Amino acid sequence: MTTPASQPELFELSNGSMKVKITNLGCTITSLEVPDKNGSLADVVLGFDSIEPYQKGLAPYFGCIVGRVANRIKDGKFSLEGVEYTLPLNRPPNSLHGGNKGFDKMVWEVAQQTQGQTPSITFKYHSRDGEEGYPGDLAVTATYSLISNTTLKLEMEAVPDKKATPVSLAQHTYWNLAGHSHGTILDHSIQIWGSHVTPVDQNTLPTGEILSVKGTPFDFTAEMKLAAKLRDPSSGRAMALWTNAPGMQFYTANNVNGIAGKGGANYGKHSAVCLETQGFPNAVNQPNFPSVIVQPGQKYQHTMVFEFSAE
């Protein structure tokens, strides 16, 4: 049974060893509690105590799913099948994360929720033709599930109706494995399994180059890959991220400045990291980047697995 998408609500998934709270406003993770090396639980994502600050736009994409296209599109323009489309320049001179009212600001319907040892919740959203300038109707679903004691899985799918459209969704949680109120993440360590980078210009747009960081072949395959492993020495917590997406934006909250968060916490610069697996930024305007265009009859599928451990 589908719950009408009217009001933002808060939902909880728990399996006895980890607990995640998610709102249908933007499919946003508002808190996620996992144990440290001593078994003590801490909330490791930045966010707010209630839904209201998210509604007021106080979150710099805390915890949400962004779309229809994550990251930047140059000058808010792209051409597809002979038609030029113009998008809102919500981060001048570019369009960012779906525009003024992207998927992160929409109230999604709750399509299904299950409890038990592997609890899950499925949200769905119907994006209309022309919404934020994008072509074609698009049916989107996102399913969060706890697939083991300390593993969260997110499956995102999108199916265009009658028109081809770019689709590149990203999950935009800000992680601090020491705890959301711990301070900076400068003592965390990270390893990223990416053999290439896309250099950017002064407007944070890729130049179109794909530069090897190790001299390895540029190889993208469809299976799930280990994308990154994040560690916090103080708590012993680690998070391995697996994905089938071709790229990842690594962001260290450089522009977060004095946001009043949960439990009176003050979030400043470098208070968390984002690991946004996605298609390449501005791929619609870079023919040598992996395409983000999805045709009618095709299905966009993007899976992320967050595997927590304590070391």
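This is a predicted model: local features need pLDDT of at least 70, side-chain atom pairs count only at pLDDT 80 or more; totals for chains, interfaces and linings use all residues.
Visitor: How many helices and strands does the protein have?
Guide: Helices (H or I, at least four residues) and strands (E, at least two) are DSSP runs, numbered from the N terminus. Under that definition, the protein has one helix and 27 strands.

Visitor: What is the radius of gyration of the protein, and why does it agree with that of a compact globule?
Guide: The radius is taken over C-alpha atoms, and the globule rule is 2.2 Å times the number of residues to the power 0.38. Because the protein has 311 residues, a compact globule would have a radius near 19 Å, which agrees with the value for the protein, 19 Å.

Visitor: Which positions does UniProt place under "binding site"?
Guide: The feature comes from an unreviewed UniProt entry. UniProt positions are given in the numbering used here, feature names are shortened, and annotations may be inferred rather than shown by experiment. The positions in the record are Asn71, Arg72, His172, Thr173 and Tyr174.

Visitor: Is threonine 173 buried or exposed?
Guide: Threonine 173 is found in the loop between strand S15 (170-171) and strand S16 (174-175). Buried means under 20% relative accessible area, exposed over 50%, and partly exposed in between (1.4 Å probe, protein chains only). Threonine 173 has 2% relative accessibility and therefore counts as buried.

Visitor: Which residues is threonine 173 in contact with, leaving aside its neighbours within four places in sequence?
Guide: Contact means heavy atoms within 4.5 Å. With those neighbours left aside, the partners of threonine 173 are Ile29, Val45, Gly63, Val273, Cys274 and Leu275.

Visitor: What is omega for the peptide bond from proline 92 to proline 93?
Guide: Proline 93 lies in the loop between strand S8 (83-86) and strand S9 (95-96). The bond from proline 92 to proline 93 is cis, with omega near 5°.

Visitor: What is the phi of cysteine 27?
Guide: Cysteine 27 is found in the loop between strand S2 (19-23) and strand S3 (28-35). At 0% relative accessibility, cysteine 27 counts as buried. Although cysteine 27 is not a glycine, its phi is positive, at about 50°.

Key. Residues are numbered from 1 along each chain as its sequence is written. Side-chain values use heavy atoms; hydrogens and water are left out.
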